[in-house]
Structure formats: structure tokens, C-alpha cells
Amino acid sequence: MLAALPAAAQSLGGSARVDAEASRITSDRQMITVDLALSQPVPYRIRHLPSPPRLVLDLNTVDWGALQAAPGPGIRDLRLGVAANGWARMVIDLTGPYRLREAGFSGTDPGSATAPRLSLRLERDTLEGFTAIAQDEDRFIASYGDALLHPGASALPRSAQPLVVVLDPGHGGADPGAERDGLRESDLMLAFARELRDALRRAGGFEVALTRDADVFMTLDARIRAARAAGADVFLSLHADALPDGIASGSTLYSLSEEASDQSAAILAERHDRADLLAGVDLTRAEDAIADVLMSIAQVENRPRTDLLAESLISSIDDHGLRLHSRPHQSGGFSVLRAPDIPSLLIELGFMSNPRDLANLQDPDWRARMQAALVRGLQDWAEADAALAPLRRR
Ligand SMILES: [Zn+2]
């Protein structure tokens with residue numbers, strides 16, 4: 001049933017590992033047992049799904065290692081994967097209505113002589129019995145995602161790959177950005193980026209780099225180059241600009257487009273590009289000539305990913321009870337977002353011209369909530385994006 005390959009010595013900080021050689025998955029016409037040896041106990045959840053009958057085991061967080069399985073009397077197929085947020089999923093396609101009777105960890109006591117083991121026992125039931133406890137599939141997908149649920153699905157890697165997030169604190173050095181009450185946008189954004197970097201690292205599953213980690217001027221091109229050098233999966237440029245009275249308040253996310261979505265987007269795009277000019281930067285930009293050619297091609301694929309990123313972050317900000325702009329997803333000609341192959345957003349966390357936003361930006365509790373919202377939004381996006389990857393490649 002279960003063939004163990006030579007275990008590759010590969011360890012991921014924070015994740016538990018499955019010891020393939022010490023694990024067993026067996027089945028007969030009456031019973032299925034899943035017995036996993038793990039390097040440490042982890043939270044898990046188990047669901048039954050109908051038509052066809054499947055068992056879904058999610059673990060947080062696990063590297064499946066060399067675990068393998070072949071079909072048997074109770075098991076038609078078995079798929080394993082790890083989402084970018086670290087949740088690992090096993091889907092067993094059952095040959096009939098096998099129903100979970102027992103599940104639990106053993107060997108978890110401190111000083112236990114044996115490794116922690118997660119054991120599941122499923123017994124053959126009637127179709128009615130199985131159907132009665134099975135989840136509604138649509139609701140399951142809405143809550144837990146659909147990766148791996150269907151035969152042929154193999155969207156996820158078997159080991160958690162960290163998502164590389166590049167944070168770009170706006171402005172810096174000779175360009176302070178907006179200024180209010182003696183505060184500079186460049187300083188606020190550097191402090192926010194450092195806090196967000198720590199929050200992402202604490203959450204696990206992320207590698208984080210900053211385009212600048214000091215009060216220095218950087219051209220917009222240099223910021224994109226820094227993102228590329230770090231191997232960015234996602235690029236977030238962080239801002240809190242000031243705009244004329246009354247036209248902007250609340251968090252707003254901007255993606256790249258030729259036409260500005262509204263007046264504030266047009267002002268912001270023009271203003272951020274002008275900082276390069278004022279600093280006397282050489283705008284020859286040989287790289288951009290190439291990028292422009294590639295852009296239309298790469299963006300066909302990248303734009304839906306970027307839109308999904310914006311939507312994931314917006315719903316998470318909303319879920320965390322934070323105030324959004326009345327039209328939270330806008331677009332404009334922001335040069336810093338021009339990397340054609342990296343989902344990139346410019347986030348106005350708030351506007352320094354709005355008194356409430358300015359107070360929020362200085363409030364450690366508000367910042368911690370916003371950082372938690374962005375962490376969760378990135379996790380949600382990573383999972384959804386991985387699930388869509390096989391469709392993109394077609
Ligand atoms: Zn700015």
C-alpha cells in the first residue's frame with residue numbers, strides 16, 4: 001500500500017515532517033487505517049465529501065516528505081499537497097462509503113519513547129450513513145479551498161515553499177513623500193514595513209525583503225530591480241500620501257493600468273513618478289524598453305493574479321474591521337508597479353491628509369491589526385493562486 005522512498009534529509013523550519021518509512025496506509029473491504037509518524041504533533045481537521053466519496057485530511061503544518069500510496073481495496077487514489085500558507089492536504093478517493101470512526105494522536109507526552117503518530121480508522125458504512133455525515137462540497141470549498149479535491153488535481157507542491165514578499169516603503173531620503181504634523185510618509189512607511197516584515201516572519205511560510213531598510217532615496221526602477229533580485233512572488237509598495245481635502249480616506253489598493261481609474265489615482269501616479277525627476281535621476285531606463293515589449297504578454301497572465309491579490313487583501317482588511325476607501329481597488333500608471341511578471345500593488349494604507357487616517361497610522365494597535373489583515377490576505381491569495389496555477393499553464 002505504502003512505499004517509502006529513501007527519505008531526503010530536508011527540514012523546514014516550523015513545519016512537522018512525515019516519516020514515510022514509519023507511516024502506513026492500509027485498506028481492506030471493511031476498514032481503512034491511516035497511521036502517520038510525525039516529527040511533532042500538529043492541528044488537524046478531517047472531512048468527508050460525497051459523490052464520489054472522499055476523505056479530506058488537513059494538517060497545519062506538515063511536509064509530506066517521501067510519503068507514497070498506491071490504490072488498494074478501499075482506496076482508489078490518494079493526493080498530497082501543501083498550500084503556500086502551510087496547510088497540508090491529503091485527499092483519499094474512497095472506493096465506497098468508508099466513514100471515520102476514530103482519529104487521534106498518540107506518543108505526544110513529553111518524554112514519550114515513540115514519535116507522535118496520527119492514526120485514523122475508517123469503517124465501511126452504508127451510503128445513507130456516509131451521506132448523512134458528508135459535507136456539502138460547495139460550502140467546504142468556500143471555507144477550505146478546492147485544491148486536490150478532484151482526480152487529476154495536482155496544483156500544490158508536496159513541501160511548503162515560502163512565498164517571497166518584497167515590501168517597498170515609499171519615498172525616502174531626499175523625497176520624504178507627504179508631510180503632516182512634523183511626520184514624514186517616508187518614515188511612517190519604513191516603520192510600518194519593518195513591523196509587517198516581522199508579522200509575516202512570525203506567521204511562517206513567508207520570506208520577506210525590503211527594497212530599502214534605511215532613510216535613503218531610491219528610484220522606482222531600483223525598487224523593481226530589488227524586487228526581482230529578491231525573487232519576489234509579490235511586490236507591495238507602501239504609502240500614506242496626502243491629497244486635496246475630501247477626495248481620499250481609508251485604505252486603497254492600486255494596480256497598474258494605462259488609464260487612471262479616477263482623479264486621485266492620476267494625481268498619485270504622476271506625483272510618485274515626479275519624485276524621480278526632481279532627484280535628477282537618469283531616465284534612460286534601458287530596461288524599461290524591454291519590459292514594455294514583454295509587458296503586454298506577461299500581463300495577460302499577471303493581471304488576473306494581481307486583481308485576485310487586491311481582492312484577497314481588501315476582503316481581509318474588511319474582515320479585520322478596518323476602514324476602506326469607498327472604491328478600494330483603483331488603478332493608474334504607477335511606474336513602480338511595472339514589473340510585468342510580479343503581482344504588484346501600491347497600497348495607500350491611509351491618507352496623511354485625513355485626520356482619522358493620520359491618527360490610525362500613529363496608533364500601534366491599528367497598525368498591528370492592519371498587519372494581521374495583510375498577512376491573512378497574502379495567505380488567502382497564495383492558496384487561491386496555487387489552486388489556479390494548473391489552469392494558467394494550459
Ligand atoms: Zn507615497
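Tutor: Buried means under 20% relative accessible area, exposed means over 50%, and partly exposed lies in between, with a 1.4 Å probe and protein chains only. By that criterion, buried residues make up 50% of the 394 residues in the protein chain. This is a predicted model, in which local features need pLDDT of at least 70, side-chain atom pairs count only at pLDDT 80 or more, and totals for chains, interfaces and linings use all residues. Residues are numbered from 1 along each chain as its sequence is written, and side-chain values use heavy atoms, with hydrogens and water left out.

Student: How many helices and strands does the protein chain have, and what makes a run count as one?
Tutor: Helices are DSSP runs of H or I with at least four residues, and strands are runs of E with at least two, numbered from the N terminus. The protein chain comes to 8 helices and 18 strands.

Student: Why is H239 called buried?
Tutor: Its relative accessibility is 5%, so H239 counts as buried. H239 is in strand 15, residues 234-239.

Student: Which residues are in contact with H239, leaving aside its neighbours within four places in sequence?
Tutor: Contact means heavy atoms within 4.5 Å. Among the residues that H239 contacts are G170, H171, E185, M189, H272 and E348.

Student: Which protein atoms are donors of the zinc ion?
Tutor: Donors are N, O and S atoms within 2.8 Å of the metal (3.2 Å for Na, K and Ca); water is not among the atoms, so sites may look incomplete. The protein donors are H171 (NE2), E185 (OE), H239 (ND1), D241 (OD), D241 (OD) and H272 (NE2), at 2.1 to 2.6 Å from the zinc ion.

Student: Why is the arrangement around the zinc ion called irregular?
Tutor: Four donors count as tetrahedral if all angles lie between 85 and 135 degrees; four count as square planar and six as octahedral if opposite donors are over 155 degrees apart and all others between 65 and 115; anything else is irregular. The 6 donor atoms subtend angles of 53 to 168°, which makes the arrangement irregular. H171 lies in the loop between strand 11 (163-169) and strand 12 (179-180) and H272 in helix 5 (residues 263-278), so the pair ties together parts that are 101 residues apart in sequence. Both H171 and H272 are buried.

Student: Which peptide bond is cis, and what is its omega?
Tutor: The bond joining S51 and P52 is cis, with omega about -10°. S51 also has a positive phi of about 40° although it is not a glycine. At 65% relative accessibility, S51 counts as exposed.

Student: What makes R89 and D58 a salt bridge?
Tutor: A salt bridge is a side-chain nitrogen of Lys or Arg within 4 Å of a carboxyl oxygen of Asp or Glu. The closest N and O atoms of R89 and D58 are 2.8 Å apart, and the two residues form a salt bridge. This pair links distant parts of the chain, with R89 in strand 8 (residues 87-94) and D58 in strand 5 (residues 54-60), 31 residues apart. Both R89 and D58 are buried.
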